Structures are given as C-alpha cells and as structure tokens.
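Thanks for coming. I'll go through this one chain and one contact at a time, so please keep the structure in view.

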Amino acid sequence: MTRTARFVVFGIGTAVLVLLLGSAVFHLPAFGGTSHPYRDSTVTAALQRRAPNVVTSINFDQRGLDTFGEEAILLASVLGAITLLRPGKDETQRQRVPNAGRMLQGTRLAGYVLLPISLILGADVVVHGHLTPGGGFQGGVVLATGLHLSYVAGSYPALRRLRPLRWYEYGEAIGMGGVVALGVAGVLAGAGFLANVLPTGTFGQLVSAGTVPLFSIAIGIEVASGVVVLLAGFLEQDLAIAAKRGSR
Amino acid sequence: MSGTWTTALPALCVATPVAGSCVLLAAGRWAPRWAVDAIATAVTVLAAALATLLLVATTNGRVVQWAGGWPPRPHLTVGIVLVADRTNAGLAVLIFALATVALLFGWRYFDSVHAHYHALVLLFVAGMAGFALTGDLFDMFVFFELMGAAAYALTGFKIEDRDSVQGGLNFGVVNSLGAYLCLTGIGLLYAHTGQLGLPQLAAALAGHGDSPVVLASFVLIATGWLVKAAAVPFHFWLADAHAVAPAPVCVLFSGVMAPLGCYGVARVYWVVFHGVIPDSAAHRAFLVLGIATAAVGALLCWTQRHIKRLLAYSTIAHIGLFLIGIAALNRLGIAGTSLYLVGHAAVKGALFLLAGLLLSRYASVDELDLYGRARDHKAAGVAFVLAALALAGLPPFGTALGKSLLDDAGGSATLTAFTLAVSAVTGGAALRVALRVYFGIGHRPRIESTADVATGADEEPDTAPTSRTPATMAAAVVLLLAGGLAIGVVPGLATAVVPAATAFVDQAGYQAAALARSVAVPSRVLDTNWTVSGVLLGLLAAVFAVLVALTGLYVRTIPVWLRSGLHVLHRMHSGHIGDYAAWLVFGAAALAGLLALG
Amino acid sequence: MIILVLVLLALVATGGTIVVSTSDPRRQAVTLAVYGVLLSVLFLALAAPDVALSQVAVGSAVVPLMVLLAVRTVRSVTGGKR
Amino acid sequence: MSVFAYGTGLWLVLVGVFGVVRSRNLIHTVVCVAVAQSGTYVVLLAVGYQRGAVAPIFSSSSPPGTPVVDPVVQAMTLTDIVVSATVTALLLALVIQVAKRHGTIVPDELHALRG
C-alpha cells in the first residue's frame, strides 16, 4: 500500500476506536476511587501469610502462576535472542576482542567502586522483597546491570572473566528449575501447584512468609543470569563488528 | 490415582515441558545430539501422557485446581484457577502429540542445532498448554506472550534466510501490538468488575453487563486472540511466518497455535460474555469475520506458487471455517469446530512435513520450479495427494466429519455451499502442487520473472540436501495422516465431542465448577455421526478439488477482471509492517462496528 | 498530591509522544531513557514503588542500552546508511 | 480527571501503534512497540489508584489496616514490564538479523514476502 493509503486505513480504525474507548472511559469507575474488591481480598490473604509487601505476596504466592509464566517468557526470550544472534554459517567465529577503547580514569574508578555496591544492593533487593519494595525481578536486574559496570569501567576482559556465559546459562536453568521444583513441592504437599507450603513465621522477619523468599531468590538467579546473557549477546554483536572493521 | 494428583494434572501439563527445557539448557552444552533429541521427545511424550490422563479424568466433569493453593472462600478469591474440561484437555493432548511428531521429524532433519531449538519448542508448547488450560484472563495473556516469544524466535530460526528473519519480525510486532490491545481490554474489564478470573468475571458481569466498557473490553480482548488466530484483517503475519519457519515448527503453528486463537475467543465469549453481548451481535461479528477470512485465505491459497505459503493461506481459510462454526453459537458448532480443528491439524501437519521433505531434498519449495522433479518419490506423492484430498474434506477423514457437523450447525444452504467451495479450493490448490511436483502432470510451466512474487525458489533449506528419507521423517508423516483418518473412523471420538461441546457452552456449569458451587449438569443427546448428506458433500468437495487442481494445471489464461482483483489483493499483502499495524487497528474498529450494530 | 499526578501524567503523555516522533533511533535511545525515568516517577506518585523500581532498572537502563547497541550494530552492518 | 488518567494510557497505546504505522526505521518500530506497551502500564496503575491511599507495603509507619492502593494491578504491571523488556530484546535481535540479511532496515525498502 502507499503511505497515504496506510494512513487512511489507520485513520478510519483509530477514529472508531477513539469513539469506542472514549465512551468506555466515561463509564469507568472514577480515577482514585475506593472500590477495589480484588485489593481487599489480596490484602487479607497477604496478611494471613505474614507478607507485608502485598505486591510480592501476589507475585510469589497468590498469583504465582503468572510469575511462573513470566519467567518462562524471560527464558524463551533469552534463548531466542541468543539463537538469533548466533554467528551465521557465512560469518566467521567471533574474534577475541581486546580492551574496548580507552576510558577516562574517573569513569573507570567509578565503575570499580560501584560494582560491589550494586552487587550488594541487588542481593539485598532480592532477599528482602517480601518486606520492602523489590524482589527477585528488580534485584536480578540490578545484579546484572551491576556486573556490566565493569564494562563501563572499560575492561571488557574483566567482564569476560566475571562472565563465563556457560555458568549464566546454568543459572537460568537453575532459577527456572527452582520455580518448577517449588511448584511441584506444592503439589506433593497436597495443596496445589506453587502453593505456599512452608510455615509463615513472624510478620516482618527476614525468614517469614513461607516460600515467598525462596521463590524470589530463584527468580533473582534466573533474571540476573538471563539479563547478563541477553546483554552479552548484544555486546558481542557490537564488538564483533567493531573488531571486523578494525582488522580490515 | 488420588484426587490431589488428578487436580494437579493441568498445572503439571504446563510445568513438565518447562522443566524439560531447563534440563536441556543445562545439559545442552555437553550432551550429544541424539541425547538432546531423545530427552526432548521423551518430555513431550510424558506431557502427552499427562494430558491424556487429564482428558480421561475430565469425563467425570471438569478438573479444577486453584494454583497457589487458594481455593475460593467467601470474599476471598485471590488465586489463579485452572479449569480443564474435555475441550481444552483434548487440545492439550493435541498440542503435545503434534509436538512429539514435530520433534520426531526433527531428529534427522536439521544438520546441526543446539539444544536451544528443542528448549524453545518445549517452552512454546508449555505456553500453548497454559493458554488452553488456564481460567484466568491475565494468565491467558501471560501464556499468550510465552507462546508468542518462543514462536518469534522459532520463526526467525534460520538466520541465514532473508525472509525468515523478516517474517519473524512481522510476526513479533503484529502479535505484540495485538497483545497490548488485549491487555488494555483486560485492564478496562478489571476496572469495571474488579476481577480477573473467567468465572469471577462472569459472576460480576451478570447484571452489570450493559455498559460501553464491556463492549470495548470484549473488542480489545477478542482482537488480541484473533490476531493469533489470523482472522482477516489480522492475518498478514501468518503467511509471512508460516512460509519461512522450519517445517516441523509449521506443524505446530498451523496445527494448534493459530486455532488456539479461535479457542481463546470462543472460551472467553462463552464463559464471560455470553448473555452480556447480544447473541445476534456476536453471531454477526464471528460470521462476517469467518467468511472474510475463509474467502481471502482460499483465494490467496489458490494463487500461490511458494508451497509453504500456499499451505499457510490454506490455514487462514480453515481458520475462517472454524470461526463460522463458532458463529453458530451452539453446541453443534463447537463440536464440529473441535473435530474439524483436530482433523485439520493432522492433515495440515502432514502437508507441511512433506513440503519440508521437498525443501531438504531439492532446496526449493517453488511449485513451478519443482515441476516433475520429484517423480521418483511416488510414496511421498501419494501421501501428498491423500493429504490434499483430506484437506478438501474427503470422507472418512476427520476433516470431512467436522465440516459436515459445521454445516449442520450453520443450518443454511448458502453457508454449506460456501464452506464446500472454500475447502475444495484449498484442497485443490494442494492437490495441484502434488500432481505437478510428484507426477509431472499438466503443461510445463513457464517460469516468469518474479521480482514481486514469493516463489520459495531460494529458500534456505533446513538441512543439507538428502537423497533418502530417514525413517523418522516418514514415520512422522504417516503418523499424522493416520491420526487424521482415525478422527473420522474411530467411533468413540466422534461421539465424545458432544459432551465436550456441551460442557464448553455451559456457562453456569463452568462457573459452578470453578467456584465450587453445585449445579445440575444439562445433558442432551446430539447426533454427531456420519450422515449420508455429510458423506456426499465430502465426496463432492473432493471431486471439486480435483477439478480445481486440473484447472490450475491446464488452464493458463485467467480472466482480466480476476487477474486485476487478485493483483490488488496481493499488493495488500506487502510484507510492510506499517501496513499490518494499520490493518490491525482497522480490524479492531471493524469488530467494534460489527458488534455495536446491535 | 493529585496535582502532582496530573502533571506527571501530562509529562508522560508528552514524553511518549516525543519518543515516537523521534525518528533517529540513536536519539530515540536517549529520549526513551528519559521517558523511562518519567514513567517511574509517575509510578512512585501512584504509590507503586515496586513497579517504579523495575521501570527505572529496565526502562531507563537495560532497554535503552539494548537499543543503543542494536543501533550501532545495524549502522555498521548497513554501512552507515539509515 | 478520570478521563485524563485513563486517556493518557490509551493515548500512549494508540500513539505507539501510530509510530509503527509511520515508521521508516525498524529500530524505531520496535521502540514504538515498547511505547505502546508502556501505555498499558499507565492504564493498569490508573485503574488501581486510590486517592490518599499508600503503597501496598505494610510497615511500622503504615500498619495493616491503612488504606492502600490496589496491589493486583501493580503485580500485573511488573509482569508486563518483564514481558516488554524481553520481547523488545527479541525484536531487536530480529532487526539486527534483518539488517545483516537485507542490508537495510527501512520498511519501504524490504521487498521480500510479497503476495
């Protein structure tokens, strides 16, 4: 289709959709209203399980199956992206890339200082997900990003040493496998897939809320490993091409 | 088997392949190729066994599990419910059975694949099973995205192939946009009702259904699932993706992934929106979409020379027929669609695998280029002819039985004539390919310069050219054809769809089973066996298919008006992602219009 | 509080529109990162710290980084031609 | 007020789709897909907002019983964000391959897949 035809088709569709959605918006409950039936149930349920962070309780307990699916999506996407970014038959195997450019001393220093801080921060976010904002996903991303600070610090070899990709693939398998194992444990206990079968402990303690922290840690491992593998895939593309140009 | 294990079966059907993919990911770096194949196939066989157990268990009523161990209590329904009835348990069996066949075919098919391919296939089937078995709207979205993510990667799997990566991208963008419209709809419905579970939504909507919010959310949610189903005008991605994905993956794409979109629409309609959206509006919307889809699919199928693309358009045509079955809004329509869907999956799967064999042997899937080149593979030729006739609806294949039930459900002679024409044209197109390629029948085609036509002549083979057909590949084809035949001739199967369809349209029963209330189960007798008129119509379709094929082989001149009409239709399928997105919005608007007409 | 939410909503709507209308993907990576931060501030104002935390990690760091790397790769593959 | 909040989310969804329609660069297309998805975050969180309520995390400063905003939509949005990031990664990987195989990422110049 020509560009004009495309815009006409889109325009007609949008006009109707705007009418439809517009009329719907005027009939929705008012923004900021007090009626949230599902909220009332989940808050009760979370308190029963001694989980102060209700969002985490939903993700890792009440609606754990969503998180199970979400982690499977992450696994599929990471596998998919590295499958798509693999060197083709017509491309040569990637060369080892030396130091990727010179960095300002200050940047390098900042990278090295921030690296351990971000790792500790990430681990903390993962472990305390049921008490404070955060959880396996957020912590996992912080961990993975933290590792890549060593790239910012200008040392790709250091990143490579920190990052034997094989181990991160194992990490993904272990994280996802851990979630499956938790699920089956629920079945074995007779309570249902992904049921929270451990004692819930005392409100506000680190070891409380039953399987929620375990679930969160498994997700943390998977997310951190997955994001590392993913970023590695994109970085290697960039560096492989840079190296090809350099050798020309 | 104890009750705990029975109710755990739906979740285990989803978890097993995911566990399998973890094992493959961990072992893939050092395990030899045969071990990877063996593990993957064993996992799908195990999952198929679990699904079969589940199917058996559903004969005593729905199998319900609240994942997370949160059974509903008064004012406290928080978990995600998995509700298996005979329809979706049957779908789960189909998913895993097809996956087993696809993996079996792949044993000797790819030259070298990392375990990543197998892990992706397992995650893909886990997504499909989850989508089918869950009874929660947001969970459906999550599993929709899971099957999507795995499917985009599998489509682009042959990264050396230009069309492959572009097809994967088009598929990914269009499906993602559809999914986000769907999620917006879920959000609106949640704002209106405060619920996410299908049974809870149905309960909440009873009495509060008369709102523009309900219409808007149904339009957006149905748009999401219809994108997956590839209904016109959401269908553009399907041909691009199915034509380029590896053949065993196409078996899953055409056999279950696209039909699952139809399942999603029907499920959400029957459980949540039935009685809220007026019957006449729903009937009109599904019928118009179905007819448009079937007509466009059949026309484009007939004009293709790229064999896999031809098969892809035939899938679109059949999706249209499924939608027509759903549009009947009764048990018979659902029963017919279910049977047709299973029969189609087997037959279409066999055709895709045969196309894959052609590709691996001759490094081409161009019908004209392959003219007479496969003369020495008569066995494959006979299989192709059989499958093509089965696609047209030759009794006693399951497709014929399903279609005759569908015609009964439609209850209109015009509609029967239309479905007959659509199946004859798509079957005829496939038959034309078989006769031309394997038997060298017809004029030797002139190969024209084809800058603008997808030919398939330069498609990257999935494997190095082979001269002999490995036993596993032949077995996969035979298994699928036998399966398609069994649907039609094994007596228990045809009658088993009646209670399945009865349960499917039983809105109150679904709610009651999920929310643990008791309700009387309606059971009315329905005749779903072969009828004389059904057999005759099936034979007629096969005869017409032969005529269509011969026309394609011997008639060279097409009337000018038809040629220019087809040219316009072809130009619309531009491979341009912007066009596809524009049509997506247009389609959602059209759906809204059809539903709002009252 | 509600005024703040309104202002942030307006900022986010504008930000999203700017991201879409930035046609150079390299600059888009930057606008996307800014948009990601705006979104996470809105989420904080809507009393969703968990979501804000993920959005800031993903939407303003990981995704823009991937976009930037993809832009660089594509640019060198297609020889600088857009 | 309500119209503005929900409208912002819906606007972002539609503007993202519009971006895909008018895009002249596939990376731009993928980013627009991400913007469309970010609209769904806004819709969901707007649905769950309650005026004057605090975040759904109980502590000594907000003990159980304090009114909180809807945590369900927040959990859904979290899942949504993960999906967005991973799908964006996949699509970008496909764009890189398109660039390698076609030598261009301008949709108007991609002429395969016709008919």
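Of the 248 residues in chain A, 54% are buried. Keep in mind that this is a predicted model, so the values I give are computed from the predicted atoms. Chain A has 10 helices and 0 strands, and read from the N terminus its elements are simply α-α-α-α-α-α-α-α-α-α. If you take the contacts in chain A between residues at least 6 apart in sequence, 70% of them join residues at least 24 apart.

One helix pair in chain A is worth a look. At what angle do helix 2 of chain A and helix 3 of chain A pack? The angle is about 80°, and the axes are 9 Å apart. An angle from 65 to 115 degrees counts as roughly perpendicular, so helix 2 of chain A and helix 3 of chain A are roughly perpendicular to each other. From helix 2 of chain A, the residues in this contact are A:Thr42, A:Val43, A:Ala45 and A:Ala46. They meet A:Val54, A:Ser57, A:Ile58 and A:Gln62 in helix 3 of chain A. By class, that contact has 5 nonpolar residues, 3 polar ones and no charged ones.

Next, how the chains meet. There are 5 pairs of chains in contact, and chains A and B share the most contacts. Chain B and chain C have no contact between them; their closest C-alpha atoms lie 14 Å apart.

Take the A and B pair. Chain B gives 65 residues to the contact and chain A gives 62 residues. On the chain B side, the elements that supply two or more residues include helix 1 (3–27), strand 1 (63–67), helix 4 (115–133) and helix 22 (577–596) of chain B. That side of chain B, the one touching chain A, has 42 nonpolar, 18 polar and 5 charged residues.

Now A and D. Here 39 residues come from chain A and 38 residues from chain D. On the chain A side, at least two residues each come from helix 1 (3–25), helix 2 (37–48), helix 3 (54–62), helix 4 (64–84) and helix 10 (212–247) of chain A. Which helix of chain A supplies the largest share of that side? Helix 4 of chain A does, with 8 residues. Sorted by class, the side of chain A that touches chain D has 22 nonpolar, 12 polar and 5 charged residues.

Helix 2 (residues 26–48) of chain D and helix 3 (residues 71–102) of chain D have axes that come within 10 Å and cross at roughly 175°. Angles over 145 count as roughly antiparallel, and therefore helix 2 of chain D is roughly antiparallel to helix 3 of chain D. The contact of these two helices has 17 nonpolar, 7 polar and 1 charged residues.

On to the interior. The largest nonpolar core holds 422 residues, and the members that touch the most others are B:Ala92, B:Leu123, B:Leu354 and D:Val95. Leaving aside residues up to four places away in sequence, B:Leu354 touches B:Ala380, B:Ala383, B:Phe384, B:Ala387 and B:Val477.

Also in chain B, helix 18 (residues 491–504) has a number of buried residues, among them B:Ala494, B:Val497, B:Pro499 and B:Phe504. The elements covering them include helix 3 (86–106), helix 10 (247–273), helix 13, helix 15 and helix 19 (507–514) of chain B.

Last, some backbone details in the loops of chain B. Start between helix 8 and helix 9 of chain B, the loop that holds B:Ala230. B:Ala230 is not a glycine, yet its phi is positive, about 65°. Is B:Ala230 buried or exposed? It counts as buried, because it has 32 C-beta neighbours inside 10 Å. B:Pro233 is found in that loop too, between helix 8 and helix 9 (236–244) of chain B, and a cis peptide bond with omega of about 0° joins B:Val232 to B:Pro233.

A cis peptide bond also runs from B:Pro395 to B:Pro396, with omega near 5°. B:Pro396 sits in the loop between helix 14 (378–392) and helix 15 (398–410) of chain B.

Finally, B:Leu329 lies in the loop between helix 12 (307–327) and helix 13 (331–362) of chain B. B:Leu329 has a positive phi of about 55° and is not a glycine. With 20 other C-beta atoms within 10 Å, B:Leu329 is buried.

Conventions:
Residues are numbered from 1 along each chain as its sequence is written. Chains are lettered from A and ligands numbered from 1 in the order in which they are written. This is a predicted model: local features need pLDDT of at least 70, side-chain atom pairs count only at pLDDT 80 or more; totals for chains, interfaces and linings use all residues. Two residues are in contact if their C-beta atoms, placed from the backbone, lie within 7 Å. Helices (H or I, at least four residues) and strands (E, at least two) are DSSP runs, numbered from the N terminus. Ala, Val, Leu, Ile, Met, Phe, Trp, Tyr, Cys and Pro count as nonpolar, Asp, Glu, Lys and Arg as charged, and the others, Gly among them, as polar. A nonpolar core is a set of buried Ala, Val, Leu, Ile, Met, Phe, Trp, Tyr and Cys residues joined through C-beta atoms within 7 Å. A residue is buried if 20 or more other C-beta atoms lie within 10 Å of its own, exposed if 12 or fewer, and partly exposed in between; C-beta atoms are placed from the backbone. Axes are lines fitted to C-alpha atoms, for helices over the stretch in contact, and angles run from 0 to 180 degrees between N-to-C directions. Angles under 35 degrees count as roughly parallel, over 145 as roughly antiparallel, 65 to 115 as roughly perpendicular and the rest as oblique.
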